[in-house]
Amino acid sequence: MLVAAFAALVLLAPQSQAQAPAVAKRDTTKATPIQEVSVTATRSPKPVFRTANPVLVMDSSRIRRSLANGAADLFRESPGLDLTGTGPNQGRPVIRGQRGQRILLLEDGIRLNNSRRQQDFGEIPALVGLDGVNRVEVVRGPASVLYGTDAIGGVVNLITARPVYGGEGTHFRGSASYRYSTSDRQQLPSGSVFGQLGRFGFGVSGSYRDAEAYSAPSGTFGQIVLKNDIKVLDTGVRDRWFSVQAGYGLSDRHSFAAKYTRYTARDAGFGYVDNSALGAVNAASVQIRYPDQTYDKWSLSYRGNGLALPVADRVEVTGYTSGNVRTLTLGVFAPFGPGTPPGAGVQVDSRNFTDIRTVGFRAEAAKIVGPHVLTYGVDFFRDRSDNTDTSLTTVVGFGPPQSQANDTALTPNAAFRSAGLFLQGDFAVTERLSAVLGARWQTVQARTRTTPRVTTPLVDASDNTAVGALNLSYRVIPEVNLVASLGRAFRSPNLIERFFNGPTPEGSGYQVRNPDLKPETSVDVDLGIKVGTGRVYGEAFVFRNEVHDGIRIAPTGTKVGPFNVFKNVNVDKIRDTGVELLAQVDAGRGFSFGGAYTHISSKNVLEPLNPVGDSYSSKVTGSLNWRQAAGRFWAGYDIRHNGTRSDVVLGSNPIGPVLPAFTVHSLRAGARVFRLEGTTHEVTVLVNNLTNALYAEFSNASFFRPEPKRSLAVAWTTTF
């Protein structure tokens, strides 16, 4: 009945837009229109069509219509993109099979990654409330020249809404929204107000989310058969995001701005399903929770435009400081399996408290010389990490339980410091050919500090890295653009990889430190074509990204007590190759359709039989949308199919040797209900997982964490 009611709404309603019809006509739900502009790939505004990189831009209207839980949720239907993590706030981006610390997360061009996160996880985009994001820009492929370490796999830039200042008059704008979803009984009110008082501008934004653990549907996924719906435990959260900013325009050329952001999260978790529901008798049970996290960030920036100085026409300087305080609790039970008494195993209960304080700045300038643009600058950041660990390890099944307590920090107090210089030129070689040539030199230092009960000698490790990139764009005819790029990127080992010393989080071994790790480096080649007309936009890319000195945890052949000893080493040579296709067509009469295709192949060149892939090998998506000419109603249908993956290690998970394919459908619709005294009121409806399929995203399969069952989400938004 619910689906029938929604289908009736779909028949009545095409795509809603509060903007003028001319703007609404350009907007699409899945692809980047030819008129869209990106700033992330080049650091200066440039049409996506003429940008010599595979770039995706997701604007505010698409974000609002998606009813996404977070930025990574927007990636599910895009070529080359996926997500890892479960629940409303734990989703993290995956780009071309790379994830965690190999993806650089930015807010307005300033890094959010911190050096204390696990390599496979990375920082959460939820630090920046999605309701405050004006658009999301994604560079698929390396971007270390402009942004330094961690940008091996790609860059996600969350560009936030800003107030207007530096002009005349008094203006106010804002919005208020309330969102509810059934799968997790999530409630999310949010709002923002922006004002301009002559040369002074300000903005205040905030949101509050309260979500319960969601339910997954019954069904079959590989060898897993669920007869009833099940709870995916620890997937709820209560989090708040708040931002206040102000700026002043000294003149049309000079302005200053300050911003404060605070994010708090309570009772978040990694998510898990009780093994008894999966029939996994001898599988490890892992419960990872984040009882609390608080993130604060202050920034102060100066912008100068149209300066006409001998060395710069544009100057931007941003200084920032942030604090990221997080508690992590880990409960692991690893059974010893056959040949031991029933129920025998090791139980590890641990708690980590991490406090990271960051200071940094980025200063860059751009100079226009005829048709050429030269961008150069310097950036610096320092993470100072303090850690407290407590753990209790208990062996059961061999008589009375044997417990051992430990309150020594597994990662000692440490500092991670990075400084870099970069230079990039955007050259109009001929009328049709443009070239972007850039280079960066970066130095990174990781140093331990005195830590209570840690007796190992202090360590000072450092590395210096130089990288470069060449991107070419050739306009064959006005509607066809050829793209080629060659780039080298890098990622310096973080504090966990260098200095962690203790039982591994899964309770399956003991990890020792390796401060002598070298940086991972990569060489990436992209070849592509972009086609754009008034009604058609399309892209086709082939790529090859090879990571050298890849960091992997490897056995040392020794033991600490009952545990095998492991250590991070530079042993991998990982090669990712793939194809990405994207198309969007305006069919007229308010209809548009599009689709995307991704194929990725990953292998360890030195050990071809060792699976290293971190995504499904293929993904096909499609969309059909309809929008009323006046922009009052809209509707859409989306489909996504991920193919099987056989060359993957799933551990003791009962899925079986092959990660099965799945297909997901969704319907969405919206309407501009009415306008009253300068306010516009819209309603948006989403039915997700329409066929109630049981499935899991790639990185959520090894510890099986399926996605939510069929759910309804509704949002009411008022703008003024």
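Buried means under 20% relative accessible area, exposed means over 50%, and partly exposed lies in between (1.4 Å probe, protein chains only). This model is predicted, so local features need pLDDT of at least 70 and side-chain atom pairs count only at pLDDT 80 or more, while totals for chains, interfaces and linings use all residues. Residues are numbered from 1 along each chain as its sequence is written, and side-chain values use heavy atoms, with hydrogens and water left out.

Stop 1: Select Tyr 616, which is buried at a relative accessible area of 5%. Rings of Phe, Tyr and Trp (its six-membered ring) pair if their centres lie within 6.5 Å; planes under 30 degrees apart count as stacked, over 60 as edge-to-face and the rest as tilted. A search of the whole structure finds 13 aromatic pairs. Tyr 616 and Phe 698 form an edge-to-face one, with 5.9 Å centre to centre and 80° between the planes. This pair links distant parts of the chain, 82 residues apart. Now show Phe 662 and Tyr 695 as well: with Tyr 616 and Phe 698 they form one aromatic cluster.

**Stop 2: charges over rings.** Here NZ of Lys or CZ of Arg must be within 6 Å of the ring centre and within 35 degrees of the ring normal. Pick Arg 65, which lies over the face of Trp 634 at 5.7 Å from the ring centre. Then go to Arg 173, whose charged end sits over the ring of Phe 194, 4.5 Å from its centre.

Stop 3: Finish at Phe 172, which counts as partly exposed at 49% relative accessibility.

Definitions and conventions
Helices (H or I, at least four residues) and strands (E, at least two) are DSSP runs, numbered from the N terminus.
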